[in-house]
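Trainee: I am new to this structure and would like a close look at a single part of it. Please take one residue and describe its surroundings.

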Amino acid sequence: MFEPRKLHPISAVINFVKTLKDAALPLVIVFVLNGNMFRGDIEWIPLLIWIAVLLLVLSSGIIRWLRFTYRMEEGELRIEYGLIFRKKRYIPIDRIQSLDFSEGIFHRPLNLVKVSVETAGSTGSQSAEAELTAIKREEASELESLIFQEKNQRQTDIEPEDESVDLKKGGREKVYGMNMREIILMALTSGGAGVVISGVGVFFSQIMDVLPLGTIYDEILDWIQIGALIVAFTVLVVLLIAYGISIFLSILRYANFSVFLEADDLIITRGWLEKKQMTIPLNRIQGLRIEENLIRQPLGYATVTLISAGGSMQKDTDHQLRLLPMIRKKEIEKVLQPILSDYHIVRSFNKPPGRSKYRYMIRHSWFAFLAAIPISIFFFPYGLLSILGGILFAGLGWIAYHDAGWRIKDNQLTLRTRNIIKQTYVMKKHRIQAASVAQTLFQRNADLGSVRVTLKSGVGGSVAHCYYLEKVDTDQVLSWYKPPKQIESR
């Protein structure tokens, strides 16, 4: 692939639609506030300005498409682009970790894909190292094969004497998949409704200042007086609608979810309207996180997420790294065996001592009880019900105490903790970036300590905790993590 190639022309339309989506709120303000459209009195100047801006954006997208080229040459992926100033980006093959494919509603009818180039140096960036907005699927597969062959050839040149290394282990093997029944069950037990409600809240917070609140208040004043029952019913309907939307979005996101193993890469594919394919090199996996929310835990289900080094921030990373979005907990080790055979799922844990129980309860509930004081005073007597919130959080702390634990097995450390969701971190010793023990004055007097372990993940680190352990236990964790020379020097 030495001849420069262009993106598909639809990339200009995709960039235009993306810009239009980002400018949706300003457009609404222009049409509603300045236009007085509901009264038939339209201010044409702001409208014409926006039409001119949109035409300019569309034309610039067309010019950028005409100026954008990519090619493989001399062991590099070379991209040249620029509207006014010509820019060149050369990415060495050795730095490329993976190519991630995604198909939106503009891609699928034309058999196109968007290619995101992930490199070892894209950890701290806000986006992928490079993106090819729309190219033919055949070209994307050809590019992926060329990069794979080039990297294999270089590794063979470096280690020609090692004939036992099979760099191409057959084809793509499916190791896990979810059917529609499992996807619907996962959507029903997810916490996505809260995200939707938050989004609705943000939307209303943006438009409240522009609504004629005085007129609306006069119109609905009599309606409000009907009673709290209608208000409560309205809130219930809103919650049910938000819950339904979250279920629908989860089904769209995880439809056709499959995990494949190809050579030394994991390939995750998912999506209905927008089909995505993410490639994760096995050597970038830093650890595992097993999550159980309050609904799935009693049913025996959990979510397994990969903790991976590198990757961009604007890629819905948490969703894309979910290796097993929902699976029976007893089946996790069986599914992971062909993928990550050196990771072991621990069944029994070393627990915090009994004197830590009340510390867990106080840790989870102190803020709720503190907030209940002014609420009870200003909204007496109904405000006293807020004390129930503190009791519920104290109960959550009691559950967190029973869920907490740690276990060392050979070169693997497993930490389990709970805030609202129970999280179990499975970490290999050579992948841990840092381990530390924290002690407050009260913990020191009780001979307790808390363990904090950091793994490299994304732009920062993924942190695992286990609180209020015996001091001898925290010392054992640090001694296990420290190199032998450091232990002997103590």
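Mentor: Leaving aside its neighbours within four places in sequence, Arg416 is in contact (heavy atoms within 4.5 Å) with Phe349, Lys351, His402, Asp403, Ala404, Gly405, Lys422, Gln423, Thr424, His465 and Cys466. This is a predicted model, in which local features need pLDDT of at least 70 and side-chain atom pairs count only at pLDDT 80 or more, while totals for chains, interfaces and linings use all residues. Residues are numbered from 1 along each chain as its sequence is written, and side-chain values use heavy atoms, with hydrogens and water left out.

Arg416 belongs to strand β15, residues 412-418; strands are DSSP runs of E, at least two residues, numbered from the N terminus. With a relative accessible area of 11%, Arg416 is buried, a term for values under 20% (1.4 Å probe, protein chains only). Among the residues it touches is Asp403, whose backbone oxygen lies 2.5 Å from the side chain of Arg416. That is a polar contact: a pair of N or O atoms within 3.5 Å, where, within protein, one must be able to donate a hydrogen and the other to accept it, and residues adjacent in sequence count only if both atoms are side-chain atoms.

Ala400 is 16 residues from Arg416 along the chain, and their C-alpha atoms are separated by 9.5 Å.

Elsewhere, Lys428 lies over the face of Tyr343, 5.2 Å from the ring centre. Such a charge has NZ of Lys or CZ of Arg within 6 Å of the ring centre and within 35 degrees of the ring normal. Arg270 lies over the face of Tyr254, at 5.6 Å from the ring centre.

Conventions: Helix = DSSP H or I, 4+ residues; strand = E, 2+ residues; numbered from the N terminus. Buried < 20%, exposed > 50% of the residue type's maximum accessible area, 1.4 Å probe, protein only.
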